[in-house]
Amino acid sequence: MNAQNKNDNAANRKSYVGLIYNKGEAEIKNQYLYAPGYSSKTSIPYPELHRNGDLHIHDLDAYGLTYNCLTFDVLNAFPYTKFEGLPVETIIVGVFDWIKEVFAKMGNEQSGGMAFANFDIDFAQIFTKLGVDYKENEKLFAACMRSLVLWCNNIHTRMGQTSYYVTFNIGLGTGDFERFLTACLLDSFYNAGELVYKPNIVFKIHKGVNRFPEDKNYDLLQKSLLCTAKKMIPTYLLCDCESDKDTDPYKLSIMGCRTRVVDDVFGKEGAIGRGNIDNISINLPRLALEAVKSKGTAFLEFEHKLTDMCYKVSTILIDRYQKTLNADINLFPTNCEYKFWCEDMKKAGLAETLKHGTLSIGFIGLSETVEILTGKKFWKDDDAYKLALSIVKMMRDYVDSLRDNLHLNFSLLATSGELISGRFVELDKKYYDSPVLNKNYYTNSFHVDVDSKLSAYEKLKLEGPFHKYANGGCISYVELAEAPFGNAEGLDELVEVAVESGVHYLGFNFPKDVCKKCGSAGTFDVCPECGSEEITRIRRVSGYLEIQDFFTSGKMNESKNRKAN
């Protein structure tokens with residue numbers, strides 16, 4: 001059996017502890033999915049919908065025990081006293097060790113991504129307050145930053161098998177120390193080796209800071225683009241796009257592969273100290289397949305089914321949220337110690353803290369859905385495109401009505417669908433016969449088909465309008481035929497197209513192959529340097545990079561079908 005068919009998550013690697021965890025995880029999921037009847041403590045609403053593939057409850061094993069992801073409020077309770085009186089060199093090493101320690105601990109207190117909203121700005125402030133001058137310690141900073149990058153890339157100790165979903169948002173710090181940390185992180189990642197593809201680094205682009213040649217940090221944007229041209233990272237948070245232009249860019253953050261938080265109905269501004277509580281993804285093509293079998297008008301039937309499914313998803317989200325509010329506070333020792341949420345969890349309690357988080361309705365397979373309903377690709381036909389937009393707007397309107405009526409932070413998430421891209425198709429094949437099932441995967445969220453061969457310009461123009469609706473997180477990719485080594489100017493032009501198209505979060509993809517024998521990198525089946533056919537293939541699995549051999553079955557099929565834009 002191939003490696004990719006053994007994993008539900010491409011970031012997993014085998015271990016004894018991981019095997020034990022997987023057995024326990026499966027047992028917990030079964031308890032929820034096969035409970036004899038709903039009760040407020042021991043089961044979930046509508047378990048059959050998950051079992052049958054109508055929807056997918058992400059991180060089901062964490063149901064009622066913890067939240068999903070978080071952007072740390074790192075300045076809220078940083079432990080300065082731990083470093084008092086220590087030599088400067090010890091302080092520098094100690095702070096970087098503290099970051100690793102926090103990732104390791106927090107990775108086991110929550111189920112999803114961890115982020116710094118302004119890594120450069122925050123840690124420049126921390127080091128300055130500790131009396132550290134970077135100018136006298138540049139080599140040590142470089143060594144520590146390299147160690148941090150390699151730790152994020154190589155460690156798979158979360159749950160005994162998984163790497164940590166870590167995101168460093170950077171780019172807006174214009175002070176000397178801040179600019180140094182940005183450059184140091186980019187250089188460390190760029191030079192760390194061809195098989196280093198983590199952590200996720202997000203460069204925040206904003207006019208007046210780094211977007212244009214006259215901006216102080218434009219040179220750092222160019223450095224970032226050159227790094228992307230070699231390694232596909234950083235990705236780009238476009239703070240001047242339509243959906244983000246009125247938000248303080250310093251308070252924006254990407255968590256994990258794409259998650260963002262919406263405006264807080266409880267008054268906290270921005271992403272810092274806030275996260276996602278839980279998310280559930282809807283199998284949109286399933287609803288379309290059922291709608292076209294009905295006797296009525298297909299789209300009206302689809303609309304009715306989608307509204308009903310959104311209601312059921314919201315019911316599960318609320319049940320999970322309420323159960324999580326009653327979780328054991330002792331499961332969150334690091335949160336309580338460092339106050340990473342916008343509330344002091346230990347003093348305020350879980351209810352007052354987690355109310356600032358989001359509850360997300362997600363979706364996958366919009367392209368296939370429109371094709372089932374109309375017989376057309378939405379990126380080829382104007383009427384089909386309008387239908388695609390109306391479907392996503394319909395979901396966003398429903399989400400907004402939940403927010404207004406229930407006074408909770410509901411959001412719409414454009415799901416990446418690593419596992420469900422294949423799982424949903426496998427289940428749908430049992431009940432339906434449709435050409436859209438033949439490729440064995442569903443397309444991410446609202447993306448155009450990966451084999452569309454649209455130009456990068458056309459793809460961004462088509463996908464951009466969807467971003468304003470997916471306020472719980474989304475991303476658009478441009479697929480390139482090969483690495484654009486040294487071509488920062490070309491990527492910069494596409495960044496501008498993306499901003500003007502309404503894209504919120506942007507990534508650049510290209511096939512990256514690394515020879516296992518000599519380490520050469522490029523795009524090849526046989527190494528041009530030594531002739532070896534033993535190749536490691538690095539691809540973007542959903543929102544993060546991974547080795548293709550560990551992809552889930554759906555993502556493996558998708559990866560093989562991708563064509564350049």
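**Salt bridges in a predicted model**

Good morning. A search of the whole structure finds 36 salt bridges, a salt bridge being a side-chain nitrogen of Lys or Arg within 4 Å of a carboxyl oxygen of Asp or Glu. This is a predicted model, in which local features need pLDDT of at least 70, side-chain atom pairs count only at pLDDT 80 or more, and totals for chains, interfaces and linings use all residues. Residues are numbered from 1 along each chain as its sequence is written, and side-chain values use heavy atoms, with hydrogens and water left out.

I begin with Arg211 and Glu496, whose side chains form a salt bridge at 2.9 Å, N to O. Arg211 sits in the loop between β5 (200-205) and α7 (218-231) and Glu496 in helix α16 (residues 488-501), so this pair ties together parts that are 285 residues apart in sequence. Helices (H or I, at least four residues) and strands (E, at least two) are DSSP runs, numbered from the N terminus. Arg211 is buried, at 7% relative accessible area, while Glu496 is partly exposed at 22%. Here buried means under 20% relative accessible area, exposed over 50%, and partly exposed in between, with a 1.4 Å probe and protein chains only.

Next, Lys251 and Glu269 meet in a salt bridge at 3.2 Å, N to O. Both partners lie in the loop between β6 (235-238) and β7 (275-283), 18 residues apart in sequence. Lys251 is partly exposed at 27% relative accessibility, and Glu269 is exposed at 52%.

Turning to helix α13 (residues 382-406), Asp400 and Arg403 lie three residues apart there, about one turn of the helix. Their closest N and O atoms are 3.5 Å apart in a salt bridge. Asp400 is buried, at 16%.
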